[in-house]
Amino acid sequence: MDANDNRHGLTQWHSTTIIGVKRGDVTVIAGDGQVSMGNTVMKPNAKKVRRIGEGEKVVAGFAGATADAFTLFERLEKKLEQYNGQLLRAAVELTKDWRMDKYLRNLEALMIVADKDNLLVLTGNGDVLEPVSDSGAMIAAIGSGGNYALSAAKALVDYEDDPETIARKAMAVAADVCVFTNGNVTVETV
């Protein structure tokens, strides 16, 4: 995550790579571990992908400001509780709040979330996006290296069946190209 925004007098942390790959009944979310401030790597092994909710049946990964992402994780967990673990409903309600609430509207983060049925990208614009199936796989990627990882994964889906292998190889490509992405990858599967 990179410090690019100083509008509140505080350093804001950005940049990372998170990818989600869903093929068949298996969904994988992977994320790198680099935390950057400006041109300096502050931490090489942050965990930006984690299990949340009751029974940890939901996996979420974030790109953006760390404190903002933790706020969103907490809010999503509350929504999952409120809507009995229904990820799609919880995601829609979270993004409504995110867009409408004065405090939440200033949060700078994106999230990829998944359960056994859904792979979604959540944004502060109120978007709940489900990726289009491409060659039998759904792929979503966010962060500074997201487009590199997305392109690599799309190239791999015709040759590779395993979602984890696709995600790991795509993350390796992003780490080779994006200076704000490293090879310390956390992978969670649902």
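Me: How many of the residues in the chain are buried?
Reply: Buried means under 20% relative accessible area, with exposed over 50% and partly exposed in between, for a 1.4 Å probe and protein chains only. Buried residues make up 51% of the 190 residues here. This is a predicted model, in which local features need pLDDT of at least 70, side-chain atom pairs count only at pLDDT 80 or more, and totals for chains, interfaces and linings use all residues. Residues are numbered from 1 along each chain as its sequence is written, and side-chain values use heavy atoms, leaving out hydrogens and water.

Me: Which helices and strands does the chain have?
Reply: Helices (H or I, at least four residues) and strands (E, at least two) are DSSP runs, numbered from the N terminus. The chain has four helices and 12 strands.

Me: Why is strand E11 described as largely enclosed?
Reply: Strand E11 covers residues 137-143, and six of its seven residues are buried, so the rest of the structure largely encloses it.

Me: Which way does strand E1 run relative to E11?
Reply: Two strands pair if DSSP finds at least two bridges between them. E1 (residues 17-23) and E11 run antiparallel, joined by seven bridges. Within this pairing, Gly 20 has Ala 140 of E11 as its bridge partner.

Me: How many bridges link strand E10 to E11?
Reply: E10 (residues 133-134) pairs with E11 over two bridges, in the antiparallel sense. Ser 133 has Met 138 in E11 as its bridge partner. The hairpin of E10 and E11 has two residues between the strands, and Ser 135 takes a positive phi near 55 degrees there.
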